[in-house]
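Thanks for coming, everyone. Please have a look at the structure on the screen.

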Amino acid sequence: MKTIGLIGGMSWESSMLYYQTINQRVKEKLGGHHSAKSLMYSVDFQEIKTLQHQGKWEEAKKIMIDSAQKLESGGADLIVICTNTMHKMAKEVEESVSIPLLHIADSTANEIVKDGIKKVALLGTAFTMEQDFYKVRLIERFGLDVIVPNETERMIIHNIIYQELCLGIINEKSRQSYLKIINSLSQQGAEAIIFGCTEITLLISQDDCSIPVYDTTKLHAESAVDFALRED
């Protein structure tokens, strides 16, 4: 079993889901008392959040690179960034270490393609929905047609993530707001919804939605275990 290196803390609520899902997956695969070999380097999310909203991505990138290098030095065999937004600098983080980085968009898109879905709607932070680093990867590498909510809806989604979900606040009114946006995207032709923020799964589940949803947290964590258990 390879050792999974997790860059966590963004937020710690979703990082907790990573740890839980990874160990559940190992138990499912190996049985008995097996659990995952893993290391987590957890950053201070207040510092990251401030840099994100100030547009200081270079400074944020230095923190991510330092985190990855510490995990490699600690014995990690692969890197998992436990957040969608910070995959903005995934390429630079991967280039800073000699071990592989498992990209969250790839883990998600592989399942979408396997299910024969072509048009998806992407929910996430404003950074993830509006910038190209995530959407373009889905389009160019996997041939997906990607749509996002309108500007007003994007701000609603973004604010709920940072002002509620990242603080562990679950609000029924916010759930209904998300479901209204999801319904609108479905009417625009979206065949499925990508939860492109690791906190969204705290608020919405497949049971709430009439079309398929792809939980990036779960898919990313499970793919990390599958990679860690590969004999090659």
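Predicted model: local features only at pLDDT ≥ 70, side-chain atom pairs only at ≥ 80, totals over all residues.

Residues are numbered from 1 along each chain as its sequence is written, and side-chain values use heavy atoms, without hydrogens or water.

Rings first. Rings of Phe, Tyr and Trp (its six-membered ring) pair if their centres lie within 6.5 Å; planes under 30 degrees apart are stacked, over 60 edge-to-face, the rest tilted. That rule gives three aromatic pairs. One is F45 with Y162: centres 6.2 Å apart, planes at 15 degrees, so stacked. This pair links distant parts of the chain, 117 residues apart, with F45 in helix α2 (residues 45-53) and Y162 in helix α8 (residues 151-163). Helices are DSSP runs of H or I, at least four residues, numbered from the N terminus. F45 and Y162 are both buried, meaning under 20% relative accessible area with a 1.4 Å probe, protein chains only.

Next, F133 and Y134. Their centres are 6.4 Å apart and their planes at 85 degrees, so this pair is edge-to-face. F133 is buried at 17% relative accessibility. Y134 is buried at 0%.

Now the largest pocket. What lines it? There are 14 lining residues, with A90, K91, H103, R137 and R141 nearest the centre. Here a pocket is an open set of 1 Å grid points, over the protein atoms alone, where a 1.4 Å probe fits, with protein on both sides within 12 Å along at least five of seven lines; lining residues have an atom within 4 Å of a point. Helix α7 gives the most to this lining, six residues.

Notes
Helix = DSSP H or I, 4+ residues; strand = E, 2+ residues; numbered from the N terminus. Buried < 20%, exposed > 50% of the residue type's maximum accessible area, 1.4 Å probe, protein only.
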